[in-house]
Amino acid sequence: MLGIPEKLYEQASSLGFICQTESDQHFIRPAKGRGSWYLTYQHRYWVLIVNNVPQMNLRYEEVLKFLEHFAMGRSFSSRPQSSAKTIA
């Protein structure tokens, strides 16, 4: 698999993600309707793409954590509620 850990594809697939290789490029995508992001492998790193805009480079371990987090129903686009009080 051109240096891509097959184990990551296996783990991503087991979490419900779609793993594809097209024209020597590797992709991990959420199931249909689950998000407007995907991961692609470029130059030793996975790149997180959101709405077709590259966001950050991730290492293998970071990708796995991201996928596990997302698979548990958490969305990285959800904003945490602030505990700060509003000053009137």
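Two residues are in contact when heavy atoms of theirs lie within 4.5 Å. The structure discussed here is a predicted model, in which local features need pLDDT of at least 70 and side-chain atom pairs count only at pLDDT 80 or more, while totals for chains, interfaces and linings use all residues. Residues are numbered from 1 along each chain as its sequence is written, and side-chain values use heavy atoms, with hydrogens and water left out.

The protein chain has two helices and five strands. Helices (H or I, at least four residues) and strands (E, at least two) are DSSP runs, numbered from the N terminus. Read from the N terminus, the elements follow the order α-β-β-β-β-β-α. Of the 88 residues, 26% count as buried. Buried stands for under 20% relative accessible area, exposed for over 50%, and partly exposed for values in between, with a 1.4 Å probe and protein chains only. Among the contacts in the chain with a separation of 6 or more, 30% are between residues 24 or more positions apart.

Helix α1 covers residues 6–14 and helix α2 covers residues 60–71; they pack at an angle of about 5°, with their axes 10 Å apart. Axes here are lines fitted to C-alpha atoms, for helices over the stretch in contact, and angles run from 0 to 180 degrees between N-to-C directions. The two helices are therefore roughly parallel to each other, a label for angles under 35 degrees; those over 145 count as roughly antiparallel, 65 to 115 as roughly perpendicular and the rest as oblique. On the α1 side the contact is made by K7, L8, Q11 and A12, and on the α2 side by Y60, V63, L64 and L67. By class, these residues divide into six nonpolar, one polar and one charged. For this division, Ala, Val, Leu, Ile, Met, Phe, Trp, Tyr, Cys and Pro count as nonpolar, Asp, Glu, Lys and Arg as charged, and the others, Gly among them, as polar.

V63, in helix α2, leads from the helix pair to other parts of the chain. V63 has 0% relative accessibility and so counts as buried. Not counting residues up to four places away in sequence, V63 touches L8, L39, W46 and L58.

Next comes the interior. In soluble globular proteins, nonpolar side chains tend to be buried together. The largest nonpolar core in this model has 16 residues, and those with the most contacts inside it are I28, W37, L39, W46 and L67. Such a core is a set of buried Ala, Val, Leu, Ile, Met, Phe, Trp, Tyr and Cys residues joined through side-chain atoms within 4.5 Å. Two or more residues come from each of α1, β3 (37–42), β4 (45–50) and α2. The largest share, five residues, is that of α2. I28 touches L8, Y9, A12, F17, I18, C19, W37, Y38, L39, W46 and L67, again leaving out residues up to four places away in sequence.

T40 is buried, at a relative accessible area of 3%. Its side chain reaches the backbone oxygen of H26 at 3.1 Å. Beyond four places in sequence, T40 touches H26, F27, Y45, W46, V47 and I49.

Two further residues belong to helix α2. F70 is found in this helix and is buried, with a relative accessible area of 4%. The C-alpha atoms of F70 and G35, 35 residues apart along the chain, are separated by 9.8 Å. A71 is also found in α2; at 31% relative accessibility, A71 counts as partly exposed. Leaving aside neighbours within four places in sequence, A71 is in contact with L15 and F17. The C-alpha atoms of A71 and P30, 41 residues apart along the chain, are separated by 8.9 Å.

Finally, the loops. H43 lies between β3 and β4 and has a positive phi of about 55° although it is not a glycine. H43 is exposed, with a relative accessible area of 73%. N51 lies in the loop between β4 and β5 (53–58), and has a positive phi of about 50° although it is not a glycine. At 53% relative accessibility, N51 counts as exposed.

Note on methods
A polar contact is a pair of N or O atoms within 3.5 Å; within protein, one must be able to donate a hydrogen and the other to accept it, and residues adjacent in sequence count only if both atoms are side-chain atoms.
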